[in-house]
Amino acid sequence: MSTTSHNEVQLSKPILLDLLNDLQSRTLLEFRTQIRLFVHGGAVMVLHPFLSTSSTRRTTRDIDYIRRAFGHEWRKRGVYDAEERLQACINATARRFQVGTDWMNADPDVALPFARDPRGHIYDPIYHDSKQQNNIDMNTIYEARGLRLISVTMFWGVALKLVRYKKEDPKDIVAMLKHGTKLNGVQWTPALMEEWIKTLCWPMGYSQYHPQQLEELKIRIRDAIRLVKMSSDDHEGYASVFGSPLYPSNTLRPSVTVALTIILLYTLVAAHTRLHIWKQTLTQARMRYQYQRTLTTINYSPSFIYRSR
């Protein structure tokens, strides 16, 4: 199989986990320790434990990882062929499962921005923001003895998808925005989203955009917010229960038995809803402090960008 074979297999969560479980066993043998990869794209929507509940995406064709960040970390350890060794592991997993070797790839790296800090030093802003401990805690999407996958921060995830904004990108952005709303109640508007992206993802070069590029960005942001507002609420699933008839359509009025059945069904669903809300409230209470710290330190504080460099 060619080292650059193209994968056409749609990868569901179970398939992704099988691939990653095999890969981690190979990387553990190769590197003798757990390696970490920073990832973005559709695989994040499928594997993220919280985003997957907001997303309609169930498959992806590949996992996009930041190869240059991986190489940087291992060169600091004195290992200069880490990228090639990792690729050999990826290829071996591809051969075993008969998928293309680009099932995990770093092709988007060529389009990812670099930036300069206040002292003029060049650095990788996506890697820099994503390696912060609160992002690692919030956005680890896979972990095993030999491998850890960490999603890039949500603001970078949105910014990268706004660049292309095709196929599944709009839906993925909606899922990320809804995730923020669920966790801390952010009510998105086009102005807020635009300011959020331009402030935190300034290395994308928005200040250098031509008027036509800026207008296209605004159009995509407005469309994303429109889709957020159009998306169904958390109780959509229950609507389908009551949306279909519970007795034959030619029956003029339900019998007492059917009426009691409807009442019982409603009571059970209501109880389930209250239990679900109670569990969700407890979960969010545990996460709120950590997530609020994330928003105030990385996601919503421009000064953090300069403090943390």
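Does S5 count as buried or exposed?

1. S5 counts as buried because its relative accessibility is 16%; buried means under 20% relative accessible area, exposed over 50% and partly exposed in between, with a 1.4 Å probe and protein chains only. Please keep in mind that this is a predicted model, where local features need pLDDT of at least 70, side-chain atom pairs count only at pLDDT 80 or more, and totals for chains, interfaces and linings use all residues. Residues are numbered from 1 along each chain as its sequence is written, and side-chain values use heavy atoms, with hydrogens and water left out.

2. S5 sits in the segment before β1 (11–12); helices (H or I, at least four residues) and strands (E, at least two) are DSSP runs, numbered from the N terminus. Leaving aside residues up to four places away in sequence, S5 touches G100, T101 and D102, where contact means heavy atoms within 4.5 Å. With T101, a polar atom of the S5 side chain lies 2.9 Å from the backbone nitrogen.

3. Helix α8 (residues 154–164) is mostly covered, with 9 of its 11 residues buried.

4. For the whole picture, the protein chain has 14 helices and 9 strands. Of its 309 residues, 46% count as buried. Among contacts in the protein chain with a separation of 6 or more, 73% are between residues 24 or more positions apart.

Methods:
Polar contact = N/O pair within 3.5 Å; in protein donor to acceptor, adjacent residues only side chain to side chain.
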